[in-house]
Each structure stands twice: as C-alpha cells, then as structure tokens.
Amino acid sequence: MKPIRILVTGGGSAGHISPALAVIQTIQQIAPAQKLAPQFLYLGGRRGLEEEQVTRAGIDFAGVETGKLRRYFSWQNFTDAGRVPLGVLQAMGIVRRFRPDVIFSTGGYVSVPPVMAARLLRIPILIHEQTVQVGLANRIAARCATKIALSWESAMPDLSLHLQSKAFVTGNPVRPQIFNGNKNEANRFYNFPDEDLPGLYITGGSQGSRLINRAVEEALPELLKACRIVHQCGKQPDGQEQDYDRLEKAVQKLPSELAGRYRFTNYVREEINHVFAWADLVLSRAGAGTVSELCVLGKPAVYVPLVPTGGDEQTRNAQMGERVGAAKIIKQSECNAARLLEELPPLLKDGARLANMSAAAQTLARPNAAETLAQTVLELAHE
C-alpha cells in the first residue's frame, strides 16, 4: 500500500464540515482498491465546531487561530484581522510538519490560512463550494486553488474566466447516514399511534430556528389535525430560553389524541435516515447541506430561508428548488402560525402534488458528489 497524506480543512458551520467528512469517508472506502493508504489531518479553528465533530469521526485534528470574514461593519473585524496572518503562520508550521500530498478545503473562514499556506508551499489544492454562489472565503481561496469544485452550475459566473477554467460541477456531498431509512422504524422509534396520517419533519439546524419553533408552537393545535410531526427544535446557547422547554409546556395543553402525534427533540441523531424515509414533507431552513440532502432523497420541502446571510445565499438555494417545482418558500418575515396553517395542511393532503415535488427534487440531485470529489483528491495527490 502506498501511503498518501491528505490535509482537510473547512468549518465555521456544519455545512462546511459535513461535506468534508463525507469525502474523507469515501476516500477511506475507495483507497484500498487503488492500493493507497490515506492518512488524514483536519486543520480547523481553535474555537470552532470542527474539533468535536472531526475527532468524533476518528480523524486527527489540529487547530489554528482564525478570523471571521464579515461583509458588514463589526468591531470584531479589527481584532479578527490580526488573527488571519497569525493563522497563516500557524498553518504553515502544521502543513510543513504534516507534509501533505494534497489539500482539500470546503471553505468557511477557517480554511483561508491553510489554503494560503499550502499555496506558499506549492501543494495541490482542491476547494469545494457548497452553495449556489461562491462565498467570500472561497473567493479568496480560489486564487490559490489547483481545481475548484462547485455544487451548482449557478455558482460558475461568480468566478472570473481564468478561474472558471479550473472549475467543474460535482454537486454537494451528503451524509451517508441519511440513506436506507425505513418508515416503520421511525414509527417504532417515536412510538407513533397507528394512524394513516402524513408525516411532517421540521428542522432548523443544530441550534434550531427560534422563528420556526415559535410559529410551530402556536400552530400545533390545528397543524396536528392534519399530520404527525417530528420536530428537531435544536438547542439554543447557554443562558437563552430553550425552545424545547416551551414546546414541552405547549404539548401539555394539547388533547391526548393530538399530543400523541407530536414528537420533539433537541437533535435527531442516528435515526435521521428513518425520519427522512418517514417524512412526506420537510419544513426547514435552506442551508446548502439541507437542500442537497432533500434533493438527493427526493423530499418535498417548504423552505424558510435565513436572512440575511452572506449574499442571501439561503434564498437563492430555496429558489432553485422552487423553480423546478420541488419546494415552496415562506419568507422569514412571513413565517408565523397563520402562514404555516395556510401552506402546510393543504400540501400534506395532496399526495399527487407531493409526488410531483419529489420527482422534481431528484432532478437537481447529484448523488455521486462525494465519489467525484474523493477521486479528484486522489488524482491531485499524484500530480
């Protein structure tokens, strides 16, 4: 077996970390057939989300100082500006010691120092953009990249003609654990009563969406007449009121028949594949990872895009699904109980429309994204 060293970077949010881990897992699966023995090091921020998720996956982790790249005024811009050059120096030392054959970056502000260090050391670099537009960190990293992978064709015009010559469309890698779910397993896991009602999965990400959670809380008594619900409400930062506690009180006020149709949790974990198989419709934010997963699984969606984000990317993500008939959009400013009740019950009752939305979502899917990126990483390592 030929040893090969791969440095992976990217973070700041789960939307950058999950694709990186999906590609790492795919490389681990395909490398033995190519007589390769990959060794990984994940380089991320010292105060970010990366370390916990990466080490839990069994990957070695190294942290550097990072400064968040903001497109708006903040006093933190002045302090973070000093962290970027420090992070580059720290990354340079780590990259020199690890001696990678290739670097794979999924973007986010934590990726800028490692990519800049790799360019200085003349190491091949593959960067990947998850959203329908190229983020600020990847706009900087693209100038250093050997190859640029995009999830969506619509991101190509964000690059100069010179950079477009390095770019290709792969799709966005999704978590392998979302596949092979079983609807009956979800019913057993959540101990749902045996009723012939459609399933609605509601999610707002790891911290949840307070806006969505409060609208659902108010709509529950009427909404539960039309469906069963699994609600991933998230866990808010320490010191803030927890939406889980509010929902617990709301359930206590429901008639027992309706309360039996509702399950809520801070996090959906290993059972996520069964939840997706069970859900007839998903109500969620429109982050790149979420949109990619729902398209691959062919899940009809109602999106509430988070605004503002960098360049309003979530709205563009959602509009892509809406254009082909795979999704509906509720504007953040209009997300309330009345609007949820206006949109969701009629849609849940229309099986033919849900089937059409499912088929439309799959037209946007690129289920082989992780394999394409993994193979590109290995090819660059041999250059």
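**Close-up 1. Strand β11 and its pairing with β8 in the predicted model.** Tyr 201 has Val 282 of β11 as its bridge partner. Strand β8 (residues 199-203) and β11 run parallel and are joined by four bridges. Strand β11 spans residues 281-284 and is covered on both faces. Leu 281 and Leu 283 lie on one side, Val 282 and Ser 284 lie on the other, and all four are buried. In a regular strand, side chains alternate between the two faces of the sheet.

**Close-up 2. Pairing of β11 with β12.** Three bridges connect β11 to strand β12 (residues 301-303), again in the parallel sense. Ser 284 is paired with Tyr 303 of β12. Ser 284 is also one of the buried residues of β11.

**Close-up 3. Surroundings of Arg 261.** Arg 261 sits in the loop between α10 (256-259) and β10 (262-265). Its relative accessibility is 8%, so Arg 261 counts as buried. The Arg 261 side chain reaches the backbone oxygen of Leu 224 at 2.8 Å. Leaving aside residues up to four places away in sequence, Arg 261 touches Phe 192, Glu 195 and Leu 197, as well as Leu 224, Lys 225, Cys 227, Arg 228 and Ile 229.

**Close-up 4. Crossing of helices α14 and α15.** The axes of α14 (residues 337-349) and α15 (residues 351-362) come within 5 Å and cross at roughly 95°. Because of this angle, α14 is roughly perpendicular to α15. From α14, Leu 347, Leu 348 and Lys 349 make the contact; from α15, Gly 351, Arg 353, Leu 354 and Met 357 do. By class, the contact comprises four nonpolar, one polar and two charged residues.

Key. Residues are numbered from 1 along each chain as its sequence is written. This is a predicted model: local features need pLDDT of at least 70, side-chain atom pairs count only at pLDDT 80 or more; totals for chains, interfaces and linings use all residues. Side-chain values use heavy atoms; hydrogens and water are left out. Axes are lines fitted to C-alpha atoms, for helices over the stretch in contact, and angles run from 0 to 180 degrees between N-to-C directions. Helices (H or I, at least four residues) and strands (E, at least two) are DSSP runs, numbered from the N terminus. Angles under 35 degrees count as roughly parallel, over 145 as roughly antiparallel, 65 to 115 as roughly perpendicular and the rest as oblique. Contact means heavy atoms within 4.5 Å. Ala, Val, Leu, Ile, Met, Phe, Trp, Tyr, Cys and Pro count as nonpolar, Asp, Glu, Lys and Arg as charged, and the others, Gly among them, as polar. Buried means under 20% relative accessible area, exposed over 50%, partly exposed in between (1.4 Å probe, protein chains only). A polar contact is a pair of N or O atoms within 3.5 Å; within protein, one must be able to donate a hydrogen and the other to accept it, and residues adjacent in sequence count only if both atoms are side-chain atoms. Two strands pair if DSSP finds at least two bridges between them.
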